[in-house]
Amino acid sequence: MIKGIYILLVAVLLVACDSNRLYEKNISIDNDVWSLGQIPSFEFENTDTVSDVNLIINVRHSSIYPFSNLWLFIHTLSPSGSTHVDTLEAALSQKDGKWLGDGLGDIWDLQLPFKTIQLNESGTYRFKIEQAMRHGNLSKIELLTGVMEIGLRIENVE
């Protein structure tokens, strides 16, 4: 019982210490196989139209992920309806094959800085993250194995 209370107290303190976080959500990828048709979507209610924020992409993958990088299309839809698409290449491993990020067993977590931006409209921003992996100049990779979760974190710039 005392051990459970201690763990709960530590968890509460860790969450409370993360004062820069404005938003964070992770979405599980079905069966750890990211299909082209699954496009995780995130909604952030913006009230601060003056300050810059950091956009960070969270990736959780397993050691069976077959590539050293991950290409993403990140769609941003503003409250007024304007859209913007960015492309992000994320390195998931070093050249020697060693996985980057924090690992536990065969599961790896990375937080990938995407960009610093001013969300200059109040209201709901929608972000959609689409996997954009290809076989070189060949076809799209329809089913990308080993990706467990994709997430978005928005935090205040320190």
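**Reading a sheet and its charged pairs**

Visitor: In strand 11, which residue is the bridge partner of Glu24?

Guide: Arg153 is the strand 11 residue that partners Glu24. Keep in mind that this is a predicted model.

Visitor: How many bridges join strand 1 to strand 11?

Guide: Seven bridges link the two, and the strands run antiparallel. Strand 11 covers residues 147-156. Strand 4, residues 52-62, also pairs with strand 11 in the antiparallel sense, this time over nine bridges. Within that pairing, Asn58 has Gly151 as its partner in strand 11.

Visitor: What is the order of the strands in the open sheet?

Guide: Five strands line up as 1-11-4-8-7, with antiparallel pairing. From one strand to the next, the twist averages 20°.

Visitor: Why is strand 11 described as largely enclosed by the rest of the structure?

Guide: Burial is the thing to check, and here it means under 20% relative accessible area. Eight of the 10 residues in strand 11 are buried, so the rest of the structure largely encloses it. Arg153 counts as buried because its relative accessible area is 6%.

Visitor: Back to Glu24, then. Is it buried or partly exposed?

Guide: Partly exposed, since Glu24 has a relative accessibility of 29%.

Visitor: And how should I read the charges there?

Guide: Start with the general idea: side chains of opposite charge can pair when their charged atoms come close. In this model, the side chains of Glu24 and Arg153 meet in a salt bridge at 2.9 Å, N to O. That pair ties together distant parts of the chain, with Glu24 in strand 1 and Arg153 in strand 11, 129 residues apart. Shared partners extend the salt bridges into one network of Asp18, Arg21, Glu24, Arg153 and Glu155.

Visitor: Which residues form salt bridges with Arg21?

Guide: Asp18 is one of them, with the closest N and O atoms 3.7 Å apart. Arg21 also meets Glu24, at 3.4 Å from N to O. Arg21 is partly exposed, as its relative accessibility is 33%. Asp18 is partly exposed too, at 24%. The count of salt bridges comes to eight.

Visitor: Which residues line the largest pocket?

Guide: Glu24 turns up again, with Asn58, Arg60 and Glu149 also among the lining residues. Strands 1, 4 and 8 each supply at least two lining residues. By class, the lining has five charged, three polar and two nonpolar residues. The pocket holds about 180 Å³ of space.

Terms used: Residues are numbered from 1 along each chain as its sequence is written. This is a predicted model: local features need pLDDT of at least 70, side-chain atom pairs count only at pLDDT 80 or more; totals for chains, interfaces and linings use all residues. Side-chain values use heavy atoms; hydrogens and water are left out. Two strands pair if DSSP finds at least two bridges between them. Helices (H or I, at least four residues) and strands (E, at least two) are DSSP runs, numbered from the N terminus. Axes are lines fitted to C-alpha atoms, for helices over the stretch in contact, and angles run from 0 to 180 degrees between N-to-C directions. Buried means under 20% relative accessible area, exposed over 50%, partly exposed in between (1.4 Å probe, protein chains only). On a 1 Å grid over the protein atoms alone, a cavity is a set of points where a 1.4 Å probe fits but cannot get out, and a pocket is an open set with protein on both sides within 12 Å along at least five of seven lines; lining residues have an atom within 4 Å of a point. Grid points are joined across faces, edges and corners, and a volume is the space filled by probe spheres set on the points. Ala, Val, Leu, Ile, Met, Phe, Trp, Tyr, Cys and Pro count as nonpolar, Asp, Glu, Lys and Arg as charged, and the others, Gly among them, as polar. A salt bridge is a side-chain nitrogen of Lys or Arg within 4 Å of a carboxyl oxygen of Asp or Glu.
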